[in-house]
Amino acid sequence: MTSTTSGMTGGGPMGSSGPTFDPYDNTPELIPLRTAAQAGDWPAVRACFAGLGSVDRISSASSLLADIAGVEGFLERAAAESPADPLPRTLLAERYVYIGWDIRSGARAKDVSQDQFSRFHDWLRRAERLLIEVCAEQPSYAPAWTTRLTTARGLQLGQAEARRRYDRLSAHHPHHYRAQTQLLQQVCPKWGGSWEAAHGFARECATGAPDGSNSAAVVALAHIEHWLDLPSGEDAAYLRGVPVRDDLRFAAQVSVLHPDHRPDWNSVGAHSAFAFAFSLGGHYADAAPHFAFLGDRATEYPWQYLPDQRSAFLGFRKAALESRGGGAR
């Protein structure tokens with residue numbers, strides 16, 4: 001571990017202006033990709049992806065690119081000009097998913113209009129057509145299978161189909177963190193799953209992965225999703241409970257706190273999950289090493305679940321580091 005509780009962390013010195021939830025602040029290596037995408041420069045975008053080197057990095061970069069307004073224009077041209085290349089079609093499909101999800105919004109189904117659902121599903125079907133082609137041509141192409149977990153959820157294709165897609169991906173790329181976080185959403189009750197399935201899948205991620213990987217952070221995310229679904233009063237009591245605390249401790253020790261952990265682009269999100277879950281449960285000493293790693297960095301998910309994520313982060317971080325006597329300089 002590179003983190004300490006001294007104020008100098010994996011995220012640099014802690015300042016009063018933090019935290020930043022901007023993924024480009026947390027992963028500055030991807031700023032050139034954003035610049036190229038905003039300019040509509042496909043050769044530069046393709047060169048950025050060619051230099052990433054791992055499916056985890058490609059998946060992270062694909063997600064960020066898909067969140068940039070207007071990129072579908074040059075991606076459509078690139079897909080038409082290079083019909084045998086899976087990358088532009090996969091990036092375009094993920095952009096279609098983002099467009100569709102923006103229309104749907106993050107509201108519960110009962111609060112989404114029929115018109116929103118119709119347009120949402122139309123965009124997801126466009127994405128699915130592209131992804132089916134890519135996966136048929138290149139069955140081991142992780143970015144396409146990962147995005148198909150999102151389309152499966154949005155198109156309500158069911159638990160069995162979502163799991164089939166995850167299994168196809170994991171056969172070639174086991175312990176793929178972004179895919180695991182996507183399937184977790186599917187197996188939660190809000191998308192037709194159950195808490196038994198959600199916690200079972202989280203345990204599968206934790207026990208199946210090598211020590212030091214990010215995968216066990218899915219345990220924290222499952223508990224956060226469960227907390228979110230509980231009535232006021234029951235939610236706080238749930239995360240304060242000893243069984244949940246011990247589950248979180250185990251998951252942290254075999255993942256981001258394990259001596260074999262090597263920080264990567266997913267580590268900020270994994271540490272954010274543990275910092276969030278431990279803090280809401282009042283387990284501040286357990287949260288401290290995660291905040292120490294984070295410094296002034298954080299990810300929107302899961303902090304977006306709180307009304308004022310910045311103030312919550314700062315307050316929890318102060319309490320956590322003071323619990324270890326480190327202060328929050």
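Helix H12 (residues 217-229) gives the largest share of the lining of the largest cavity, three residues. Helices here are DSSP runs of H or I with at least four residues, numbered from the N terminus. Before going on, a word about what you're looking at: this is a predicted model, where local features need pLDDT of at least 70, side-chain atom pairs count only at pLDDT 80 or more, and totals for chains, interfaces and linings use all residues. Residues are numbered from 1 along each chain as its sequence is written, and side-chain values use heavy atoms, with hydrogens and water left out.

On a 1 Å grid over the protein atoms alone, a cavity is a set of points where a 1.4 Å probe fits but cannot get out, while a pocket is an open set with protein on both sides within 12 Å along at least five of seven lines; lining residues have an atom within 4 Å of a point. Volumes are the space filled by probe spheres set on the points, which are joined across faces, edges and corners.

There is one cavity of 30 Å³ or more, and the largest cavity holds about 50 Å³ of space. Its lining is made of Arg108, Pro189, Lys190, Trp195, Glu225, Leu228 and Asp229. Sorted by class, that lining has three nonpolar, no polar and four charged residues. For the classes, Ala, Val, Leu, Ile, Met, Phe, Trp, Tyr, Cys and Pro count as nonpolar, Asp, Glu, Lys and Arg as charged, and the others, Gly among them, as polar.

Now for an open space: the second largest pocket has about 240 Å³. It is lined by 17 residues, and Asp56, His175, Ser213, Asn214 and Asp264 are the closest to its centre. By class, its lining splits into three nonpolar, nine polar and five charged residues.

**Salt bridges**

A salt bridge is a side-chain nitrogen of Lys or Arg within 4 Å of a carboxyl oxygen of Asp or Glu. By that rule the count is 18 salt bridges. Here are three of them:

| Pair | Closest N to O distance |
|---|---|
| Glu72 and Arg95 | 2.9 Å |
| Arg163 and Glu204 | 2.7 Å |

Glu72 sits in helix H5 (residues 72-81) and Arg95 in helix H6 (residues 86-104), so this pair ties together parts that are 23 residues apart in sequence. Glu72 is partly exposed at 21%, whereas Arg95 is buried at 7%.

Arg148 is buried at 7%, and Glu128 is buried at 9%. Arg163, at 28%, is partly exposed, and so is Glu204, at 36%. Salt bridges that share partners also join Glu128, Arg148, Glu161, Arg164 and Arg165 into one network.

**A charged residue without a partner**

Asp235 lies in helix H13 (residues 234-240). Asp235 is buried yet has no salt bridge, and the nearest side chain of opposite charge, Arg240, is 7.2 Å away. For charge, Lys and Arg count as positive and Asp and Glu as negative; His and the chain ends are not counted. Leaving out residues up to four places away in sequence, Asp235 touches Trp227 and Leu230, where contact means heavy atoms within 4.5 Å.

Notes. Helices (H or I, at least four residues) and strands (E, at least two) are DSSP runs, numbered from the N terminus. Buried means under 20% relative accessible area, exposed over 50%, partly exposed in between (1.4 Å probe, protein chains only).
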